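Have the structure open while you read.

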Amino acid sequence: MALDNGPVHGREALAELAGERVDHRFKGLPPDAYGLTLAELAGQRRNLFTDGFATPVLALSAERLEHNLKLMETYAARHGLAFAPHGKTSMAPQLFHRQIEHGAWGITLAVPHQVWVARAFGIGRIFLANELVDAAALRRLAAELDADPEFRFVCYVDSVRGVELMDAALTEAGAERPVDVVVELGAGAGARTGARTEADCAAVADAVAGTRTLRLAGVAGYEGEVPDADPERVHAWLRRLVALAADFDRAGRFEGLDEIVLSAGGSAWFDAVADVFAEVPALSRPVLKLLRSGAYVSHDDGHYREVTPFNRVPAEGALEPAFRLWTQVVSRPSAEQAFANAGKRDAAYDLDLPFAQVVRPADGGPERPAAGIAVSGLSDQHAWLRTGPEAELEVGDWVGLGLSHPCTSFDKWQLIPVAEADGTVVDYIRTFF
């Protein structure tokens, strides 16, 4: 059965989140808050450090989160880009709605489950950056589209076989509205998904044209998979993508559309996307230039700090890392070693280990830099800390860790406090992985 989606439903669903009660499901929250609703707890404006929160606890900076939302809104507008940030980063409907409030066209997602989460919270425009060939998911998608004329959905196709599977499932489901699809151009030999050549893309487009259940809406791809990526190679691939759209348009493949979808853009090369999409020639219809970067929402202290395009274009601004994982020293067996109570269950570690940034002494003294302290490894529930002669660290001290890779930071926490700079917690972000 299709859900009753739309703006009103989305607000109601968010309100229901605020009514969820604090209990054992959520890590790091004050035990004496059990039984309160999240709205009630947020209304108490408790302090992250002095009002009962237990380590380990992951927090989002309220100020940095807002800064990042505003910065990418401004960036997309400045470059004439529509923005559909990748929601798989956070899987947090509250953040989806904040992104839309900050000018996003819609939300990009990767798999059917994520689509159902977004729909449950009233997201009306979804770009699925994958080919969708699961028959059960296609039946549900058809029901969603038929029940809500305002719902806009676009997904990849990259194979004739995929088109055949989609058409068969949608036909069997009795779909009334065609599903909009974009042909995905692969980033090169050995890259991830996508048709490898322009001829392959044309064959996929021909297959779409032969169905009643699908409508060709444009072309798309992911420049982050360009082999041996550098500015020259990424720009060259993006120009191939633009040329493919122009070739399809000259061939009359986009007849009947109100707009042509042209989409690319991860979190490492969106400056290249902006450069090349600014060169798009006049086509027969307006072009929706859709950027999909997602990691910006929290940014990070590791991988994305190194690869963000804002390092290449500093005049455009700078993202700020918004996550900090607070953990407590539980063992200090030697002058060279300490152990804290956050591990692989709590911290992202797929790209980099966490970074020790600050120490809050157990005796309530002032916060200080984590001089001489480094995370050397993670166990399931412990961070291994290597400590130098200058390290001041005692059992009971809190250590604030920076993290690398937003996607695998969000997915370890069902509920994340949003704290202002002085530690006042003003909101709680619910995730759905």
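Below is a short tour of ring pairs, their surroundings and the charges over them.

Keep in mind that this is a predicted model. A pair of aromatic rings is described by the distance of the centres and the angle of the planes. The count here comes to 13 aromatic pairs.

Start with Phe-49 and Trp-398: their planes stand at 65 degrees, with the centres 6.0 Å apart, so this pair is edge-to-face. Where do the two residues sit? Phe-49 is in the loop between helix H2 (38–44) and strand E1 (57–61), while Trp-398 belongs to strand E16 (residues 398–402), so the pair ties together parts that are 349 residues apart in sequence. Trp-398 is buried, because its relative accessible area of 11% is under 20%.

Next up are Phe-323 and Phe-410, which also form an edge-to-face pair. Phe-323 is found in strand E10 (residues 323–334) and Phe-410 in helix H12 (residues 407–410), so this pair links distant parts of the chain, 87 residues apart. Both partners are tucked away: Phe-323 is buried, with a relative accessible area of 6%, and Phe-410 counts as buried too, at 0%.

Here are the two pairs in one place:

| Pair | Centre to centre | Angle between planes |
|---|---|---|
| Phe-49 and Trp-398 | 6.0 Å | 65 degrees |
| Phe-323 and Phe-410 | 4.7 Å | 65 degrees |

Arg-360 lies over the face of Phe-49, 3.7 Å from the ring centre. Elsewhere, Arg-253 lies over the face of Phe-248, at 5.0 Å from the ring centre.

Methods:
Residues are numbered from 1 along each chain as its sequence is written. This is a predicted model: local features need pLDDT of at least 70, side-chain atom pairs count only at pLDDT 80 or more; totals for chains, interfaces and linings use all residues. Side-chain values use heavy atoms; hydrogens and water are left out. Rings of Phe, Tyr and Trp (its six-membered ring) pair if their centres lie within 6.5 Å; planes under 30 degrees apart count as stacked, over 60 as edge-to-face and the rest as tilted. Helices (H or I, at least four residues) and strands (E, at least two) are DSSP runs, numbered from the N terminus. Buried means under 20% relative accessible area, exposed over 50%, partly exposed in between (1.4 Å probe, protein chains only). A charge sits over a ring if NZ of Lys or CZ of Arg is within 6 Å of the ring centre and within 35 degrees of the ring normal.
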